[in-house]
Amino acid sequence: MTAPLVEVENLSVNFVTRESNVTAVNGVSFTMMPGEVMCMLGESGSGKSVTMRALMRLLPEKRSVITGGIRIAGQDVQAMNDRALRQMRGATVSMIFQEPMTAFDPVVRVGDQIAEVVALHRGVSHKAGRRRALDLFDLVRIPSAERRLDAYPHELSGGLRQRAMIALALSCEPKLLLADEPTTALDATVQIQVLILLRKLQQEMGMSVIFVTHDLGVAAEIADRVAVMYAGRIVETGPVRDLLRTPLHPYTAGLLASTVHDQPRDRDLETIPGAPPDMRRLPPGCSFAPRCPKVGGDCLLTVPPPVSPAPGRVARCLRVPAAQPEFA
Amino acid sequence: MFSYILRRLLAAIPIALGVSMVCFALVYLAPGDPIQTLLPPDADAETVDRLKRLYGLDRPLPIQYLSWLARVAVGDFGRSIATGRPVAEEIRRSLGNTVLLASVSVLIAFSIAFVMGTIAGRRAGSWIDRIVTGIAVLGVSLPNYWLGIVLVIIFAVELMALPASGMAGERFDPTSWEHLQFLVLPVFTLSMIPVGIIARTTRSAVSEVMNQEFIVTLRANGLPEWRVLRHALKNALPPVLAVMGLQFGTLMGGSILVETVFAWPGSGYLLSKAILTRDIPVLQGTILVLALIFVATNLIVDLFQSTLDPRIRRG
């Protein structure tokens, strides 16, 4: 039995301003094994990106309060000092961002930006860092890699920029890669290329990946396991096939029903009525209750506890039976 | 890069020509007649005409402009009406003094203001930001001729620690305190406004860059804060340099009042004398040279910016 790589226990993130106190992440728990790929699924504002940033403590310290436990590769991230934090960032854990245009320093050549990180973590010269950057560019299939090292970010196309971003993230062979909607800003055809590349690299390098997306198709393509987030909570987790085939939580079911797959033509897509709740004033019960087709009076009273009707599957919904007889 | 430099140089030519036209014409639009200041009020019409012919003032304006331009192009600015000496020589002598004063002031202002602005920009909204902004507003708002006079009263008249005005001698020697002490008060006075403007520009540039997404990327890759700041400053520098160039240009021509207060024998002082005596050749020559320096400064700043930020070269 190997030890889990990531253990997140009851993680909450509050953004505190003078006017309001927003709970962006509200009691999130999950564990990940080495080499596992997990998709975080959810709509904008559900707390996916904030969770990712909290894992690396990248949120502005003055304005955010993080509570709960985060352990990555056996280390308590919350307890790390600045030095330990810097050694973790980019080396043990690295992140790919949604918008590769703004994620690179616009006035430094991409090759030098990668070389700087490699030189920093590996303690090698800048020149050796650039040689590593060249290898990485070959790894992520950037054509004319030698020439592209000297390019500035604005001189690369969107797809190439994201490949360069992946090269930067993989430069120190991280154990955990956090991919924050890495394909959202790209053209559809480029999206698929980047996705295939990421899956291939994950298999070759054997790292764990948390892949944040709002695209069910992407989740089906790349994930072992899916965690569905709604209003700062994980409302359902499970193996990707089971979850997509037989969703437990009404929200997951609603998401599935509202995507294009094999519906007959001429039929309108189903939508989830209503809008996500105001994160400043969450309802006392289930956050999804106001939009839920299966809502009952008990849903409005308390936050549903996690129930596990089958091994590996968890949902936070009162309508999900605690354990089905055949698994008992 | 080379084609960018060439393009910028070519673009500067029409600007320089336009500038020369404006400063030639401005003098004629201004009230007052140089001939009248030279001659006694009861001079007869014939003497006036003769003198006008002598200085070429009787010919049509475009002709005057072209012949002036042709002579200027070879460095002949004519002779001063007031002193009779070649204008080129007067400008050369005074310009060096002004360049000295302006460049020392701007460099000192930049060193202080860039640090101030960086500290404030990193902590936008904090108490230290408010202090820096306060100093910056104060620097911009104090009338510098007034400040100059106050400083003279305190340090020269009351404390007798520094000289009140002038320079030590014809040739400036940067190694001797005898010479340097004359710079202290004018430089302090002149750097007040650039400190304010550069500090505010730096502050806003740094705070804007620090909010950009790539700063998070740098931190996410484990870069220590000083390296993050180095990336941020490289991004924030181009607009600050642009403002610094403008300030240098302004000090080159705009220090008339301060140079007069400190009797600093520079181009501002020369200009103010030329204005009072309606010495048109000196006026035209000085304004033209100052304007060309302004254009050249902007050109240099542009080129410098484009080496810092490769995105500029495409425009």
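Domain bounds come from an automatic or database domain assignment.

**Figure 1. Chain A splits into domain 1 and domain 2.** The model is predicted; local features need pLDDT of at least 70, side-chain atom pairs count only at pLDDT 80 or more, and totals for chains, interfaces and linings use all residues. Residues are numbered from 1 along each chain as its sequence is written, while chains are lettered from A and ligands numbered from 1 in the order in which they are written. Domain 1 of chain A takes in 6-92 + 178-284. Domain 2 of chain A covers 100-173. Their C-alpha centres lie 26 Å apart. Domain 1 of chain A gives 13 residues to the contact and domain 2 of chain A gives 12. Two residues are in contact if their C-beta atoms, placed from the backbone, lie within 7 Å. On the side of domain 1 of chain A that touches domain 2 of chain A, 10 residues are nonpolar, two are polar and one is charged. Ala, Val, Leu, Ile, Met, Phe, Trp, Tyr, Cys and Pro count as nonpolar; Asp, Glu, Lys and Arg count as charged; the others, Gly among them, count as polar.

Figure 2. An unreviewed UniProt entry gives "domain: ABC transporter" for residues 6-256 of chain A. UniProt positions follow the numbering used here, feature names are shortened, and annotations may be inferred rather than shown by experiment. Helices (H or I, at least four residues) and strands (E, at least two) are DSSP runs, numbered from the N terminus.

**Figure 3. Helix α1 of chain A is largely enclosed by the rest of the structure.** Helix α1(A) spans residues 48-55, and eight of its eight residues are buried. A residue is buried if 20 or more other C-beta atoms lie within 10 Å of its own, exposed if 12 or fewer, and partly exposed in between; C-beta atoms are placed from the backbone. Among the buried residues of α1(A) are Lys48(A), Arg53(A) and Leu55(A). Just after α1(A), Arg57(A) takes a positive phi of about 50°. Glu61(A) sits in the loop between α1 and β4 (64-72) of chain A. Glu61(A) is exposed, with 9 other C-beta atoms within 10 Å. Glu61(A) and Phe15(A) are 46 residues apart in sequence, but 9.8 Å apart in space, C-alpha to C-alpha.

**Figure 4. Chain B has 13 helices and zero strands.** The C-alpha trace of chain B spans about 85 × 55 × 35 Å along its principal axes. Chain B has 315 residues, of which 36% count as buried. Take the contacts in chain B between residues at least 6 apart in sequence: 74% join residues at least 24 apart. The unreviewed UniProt entry annotates several "transmembrane region" spans in chain B, including 180-199 and 282-304. Residues 180-199 of chain B are 100% helix, with end C-alpha atoms 26 Å apart. Residues 282-304 of chain B are also 100% helix, with end C-alpha atoms 32 Å apart.

**Figure 5. Helix α5 of chain B packs against helix α8 of chain B.** Two packed helices are described by the angle between their axes and the distance between the axes. Helix α5(B) (residues 87-122) and helix α8(B) (residues 177-210) pack at about 35°, with axes 6 Å apart. Axes are lines fitted to C-alpha atoms, for helices over the stretch in contact, and angles run from 0 to 180 degrees between N-to-C directions. The crossing is right-handed. A crossing is left-handed if the near helix is turned anticlockwise from the far one by less than a right angle, and right-handed if clockwise. The contact of α5(B) with α8(B) has 22 nonpolar, nine polar and three charged residues.

**Figure 6. Helix α5 of chain B also crosses helix α6 of chain B.** Helix α6(B) covers residues 127-141. The axes of α5(B) and α6(B) come within 8 Å and cross at roughly 145°. This crossing is left-handed. Met116(B), Gly117(B), Ile119(B) and Ala120(B) of α5(B) meet Ile128(B), Asp129(B), Val132(B) and Thr133(B) of α6(B). Five of these residues are nonpolar, two are polar and one is charged.

**Figure 7. Phe155(B) lies in helix α7 (residues 144-158) of chain B.** Phe155(B) is partly exposed, with 17 other C-beta atoms within 10 Å. Leaving aside neighbours within four places in sequence, Phe155(B) is in contact with Ala161(B), Leu162(B) and Leu185(B). Phe155(B) and Leu185(B) are 30 residues apart in sequence and 8.5 Å apart in space, C-alpha to C-alpha.
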